[in-house]
Amino acid sequence: MSTATATEPASDPAQEKLTKKILTADHPTWCPGCGDFAVLAAFYKVLEKLQYPHEKIVCVAGIGCSSRFPYFVNSHGIHFIHGRALPLATGVSLSRPDVHVFVFGGDGDGFSIGGNHLNHAARKNIRLTYVIMDNYVYGLTKKQTSPTSPEGFKSKTDPTGSIDRPINPMKQLLASGATFIARTHAAQVKHMMEVFERAILHDGFSVVECLSECVMFYNGSFDDSTPRKGGVYDIIDESQHDVGDDIAAFKLADVPTPGKFGVFYEVDRPSKNELEQRWIDSTQAKLAGKSQKDILRDRLAMMR
Amino acid sequence: MSTSNSSSPTSLRNAVIRLAGNSQDGIQSIGGFLARLAGRTQKDVMTYMTIPSTISGGPSIFQVHLGSGEVLDPGDEADVLVAFYQHSYDAHFSSIRDGGVCLYDSGEVTELKTERGIKNIGIPFTQATIEAIGGSARDRGKNMFVMGTICAVYQLDKEKLVGIVSRQFGKKDESVLRNAMLAFDAGYAYPVGDLGTFEFEEGIHKDEHRLSTDGNTLMSMGLIAAGVRYGSAYPITPWSSIMETLRSELPKYGGIYVQAEDELAAVSMTIGAAFAGHLAVTGSSGPGLSLKMEALSYASMAEIPLIVINVQRGGPSTGLPTSVEQSDLLQAIYGSHGDAPRIVLSPKDVEDCFYIAIEAGRLAREYSCPVIILSDQAISSRIEAFTEPNLDEWWIEPELDIAPRPEDFKPYPLDQITRHAPPGTKMLGGKYPTVTGLEHDEWGHPSGNAKMHQQMTDKRRNKLIALSKKLPLPEVYGDAEGDVLLVGWGCTYGPIKESINRLQSEGHKVGAIHLRNLHPLPAGLDTIFAKFKKVLVVEINDVGVYGYGQLAMILRASLADPKIESLCKTDGLTFRIREIVTAVEKTLAS
Ligand SMILES: Cc1ncc(C[n+]2csc(CCOP(=O)(O)OP(=O)(O)O)c2C)c(N)n1
Ligand code: SF4
Ligand SMILES: [Mg+2]
């Protein structure tokens, strides 16, 4: 699709193997014990497995503790503004079919200030993978209520406990039209890696809610889904759940906290990337190899 | 134009025709046909129209100023008013010049005024059209009848006019063209009493390919010539037609224009495409530009090249969405948080929309920062005729530079302008860049270091200072020294130039400059100002609390010159020649 004359080098057979060492960049600025470390480690591992060309990996984020992610991955990256990582990533994905776009961010970034963008990137089925590191709180701004904070959660903006009903991320994503929707947990590294890999290999908009504890401002938030703390990690049994059935997925999303984990929904639907390319191809087919300059020349001549 | 009874046509250089009716009468389309004809007959043209801001329609006008010589304004007053209804007659009779003509629908207009030597000529537009086409068509087609009459009175090139109409209607059902031509012929043959006929002198644009279109269409073409292939926007009047044009044109060039969910997303997607290595454009009108401000500060900080178009309209808020105003200058230059330098340009007329788009693309790339183009409602919607651009000279081939970057690559070098390495670029040093909105060091690492923030702030500002020194000083039109210098930007270009013509012909020593580069301003304007006793800045915005319009305020702040004064208005209309001439005469007398 790229129209520009790319000065791309011939593919390099001696491409260095991607390793954790190569992918490691600045040392993360997260608090010790923050769940986000595990998410980063899992991402390195999946990239090691997939072995994409190093220069084709792009990490995008908005603002938040979790959104610092791109600094910690040695790849092309962009740290943008609060809530707008998805539209920025949409611009990258649609204009550069040759690269792999990964978006990272928090619950505030994704479900609050960026909530509307999530709906639209999902329904348009933009080709990218989005990991929401959900800690049920605003970490970077030091403990305000987030749209996923449970009722009763005491924060600096709800000193007597949150009174607003939190959103149900899985239901919201199902309603928005995303084509791959999953839920995982930063303390379940193996499961997280499996889910990430499936999300990345999905052609279209894949989104993963990853519970990731903020030890600083919401310690113990996910104990009820952490087996070594006495909780239950209840993984969806895909022999019993048809991932193409959105009604069944809604029912799974209704399971009370700590809820279910795994792939809720996955369906094949052409991405916007593909649909736009089809339109380009059919438009250009009618122009029978006319040069771009001549296309414009002819268009101007219509104004004579 | 003067009326005459003789059979030989009276020769003339200019004619202003105002068509007044309702928006559903098709006066825009015949105005458009006449404007296009001007382009095809070596004439100049400028149109002006009002659009009711409701979809259901309402009173509307289309004014066409045709000229054998340069046409710089849509015309202060009409030589001929065509009134379709009594309300059109009542509302626009005062716009006819002394001794002018009013053609009215004698089946609709019953109460006539007799004043200022204006000749009232009644023609049953509606009835005659029904008779010509046959009953079932009702009054559809009376616009074509009127165009036939105008074509006969002004001895316009009938063959070419019919050609333009056929091309337009040719795509539709055969009967549409047949009925249109029946009405046209009836209007052409209708006897208009003792009005006589007129003939234009030969146009000045012989042997040139002339195009005629509106500013938004031409801006879209300019963006394509500049190498823009990607971008995103959200609909808003009067910006929308640019995004509509790009949406349907860009696929031909392999590009994509995305309709975003809002302006926040639109600017973000555009920055995404720019980060990905493309020249990309977003655009809006006043309220939408306000929504983009946070991301535009980001683009200044992260040094992302991109083009942002703002087709200004009456504000604040929803304001006067279909009227002209130039009240977004300060928003364009300073509207964001933090010290966020960016470039601001403004086209002077329709033709300039093409070249300013190319200029914006060039500057965005060269200075790696956002470039805002301030167009306005008047330029966006009016039609002008102009010389076809030479694409061999202006075409820019889009280029995505993902050649490997050397080991010593720094995304934010202090001593050079930033050149990002877009995704897909191999970094030979092994270290991949993160583009950032946090203050950063030369390698893009976040840095709260006080000295670094000062140095990077200097860097982002100094590139604009370097640009201001490179910009040529604007040419002075009229006298290079004298009593009053007029300063304009955007759509005031034509009216100011025409005002200088009139003032000079009255013996005044006056000159004018037009500023296309509004931020940074070209260095050295003070040398021009020094040659005049007074400087009057003409702009369509409010004088504000301190008595100066937005550009005047910036000029006073940057040059500290007390000679600078303001001529401002916010009546939703472009400047009339008379308004400027009167203001200059007042200044001269003071
Ligand atoms: C426009 C804007 N509004 C507010 C902020 C302040 N802010 C930064 S991060 C953030 C919330 C972060 O919460 P979340 O997205 O959940 O990320 P976390 O830090 O928890 O990982 C807020 C309110 C900002 N940077 N920009
Ligand atoms: S504040 Fe919370 S989310 Fe942020 S780094 Fe610390 S533990 Fe992690
Ligand atoms: Mg959070």
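What follows is a short chat about salt bridges in this predicted model.

Reader: How do I spot one, and how many salt bridges are there over all chains?
Author: Look for a side-chain nitrogen of Lys or Arg within 4 Å of a carboxyl oxygen of Asp or Glu. A search of the whole structure turns up 46 of them.

Reader: Which residue does B:Arg578 pair with?
Author: With B:Glu77: their closest N and O atoms are 3.9 Å apart, so the pair makes the 4 Å cut-off.

Reader: What about B:Glu366 and B:Lys470?
Author: Their side chains meet at 3.0 Å, N to O. Here helix α12 holds B:Glu366 and helix α15 holds B:Lys470, so parts 104 residues apart in sequence are tied together.

Reader: Is B:Lys470 buried or exposed?
Author: Exposed, because its relative accessibility is 57% and the cut-off is over 50%. B:Glu366, at 25%, is partly exposed.

Reader: Where do A:Arg297 and A:Asp294 lie?
Author: Both are in helix α10 of chain A, three residues apart, which means about one helical turn separates them. A:Arg297 is partly exposed at 29%, and A:Asp294 is partly exposed at 30%.

Reader: Which residues are linked in a network with them?
Author: A:Lys293 and B:Asp392 join A:Asp294 and A:Arg297 in a network of salt bridges.

Key
Residues numbered from 1 in each chain as written. Chains lettered and ligands numbered in written order. Predicted model: local features only at pLDDT ≥ 70, side-chain atom pairs only at ≥ 80, totals over all residues. Heavy atoms only, no water. Helix = DSSP H or I, 4+ residues; strand = E, 2+ residues; numbered from the N terminus. Buried < 20%, exposed > 50% of the residue type's maximum accessible area, 1.4 Å probe, protein only.
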